[in-house]
Amino acid sequence: MIVKFASIFKHAWFSIYFSDVEYRQNATFDDLDKYMRNPEKYSEAINFTKQYILSEGEKLNKRVAFESIYDQLVDAYVELHLHAPNSNLDLNDGNIGFATNGALKIFDMQ
């Protein structure tokens, strides 16, 4: 599920949002960090991505799980920004997991 979620998330951001909506801008992970750390400022991008992920999750019968992962990921970006504003998340499926209580855990923060 993590592999699929990370793939869909990156596709939404880099292949759809930034290439189609942001007028073919070549986005980087720095752009992703900037947008995710400021959801109130970039709500259009955040909502676009969330809706895309939810629709893809629906196709896989994983909508509820994908929504939970997405919401926790946004919270992780915001929390990271509060505590370490110059750090970044290395977002790939090898760096995302779950605690025994189901909480999302992200590894390899830079």
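W13 is buried, with a relative accessible area of 0%; buried means under 20%, exposed over 50% and partly exposed in between, using a 1.4 Å probe and protein chains only. Let's see what surrounds this residue. This is a predicted model, where local features need pLDDT of at least 70, side-chain atom pairs count only at pLDDT 80 or more, and totals for chains, interfaces and linings use all residues. Residues are numbered from 1 along each chain as its sequence is written, and side-chain values use heavy atoms, leaving out hydrogens and water.

**Aromatic rings**
- F9 and W13 form a tilted aromatic pair, 6.3 Å centre to centre with 50 degrees between the planes. (Rings of Phe, Tyr and Trp, the last by its six-membered ring, pair if their centres lie within 6.5 Å; planes under 30 degrees apart are stacked, over 60 edge-to-face, the rest tilted.)
- Both residues lie in helix α1 (residues 2-21), four residues apart, about one turn of the helix.
- F9 is buried too, with a relative accessible area of 1%.
- One aromatic cluster is formed by F5, F9, W13, F66 and Y70.

**Helices α3 and α4**
- Helix α3 (residues 43-59) packs with helix α4 (residues 63-83) at about 150 degrees, their axes 8 Å apart.
- That angle makes α3 roughly antiparallel to α4 (over 145 degrees; under 35 is roughly parallel, 65 to 115 roughly perpendicular, the rest oblique).
- The contact (heavy atoms within 4.5 Å) involves residues of α3 including I46 and L54, and residues of α4 including F66 and Y70.

How values were computed
Axes fitted to C-alpha atoms, helices over the stretch in contact; angles between N-to-C directions. Helix = DSSP H or I, 4+ residues; strand = E, 2+ residues; numbered from the N terminus.
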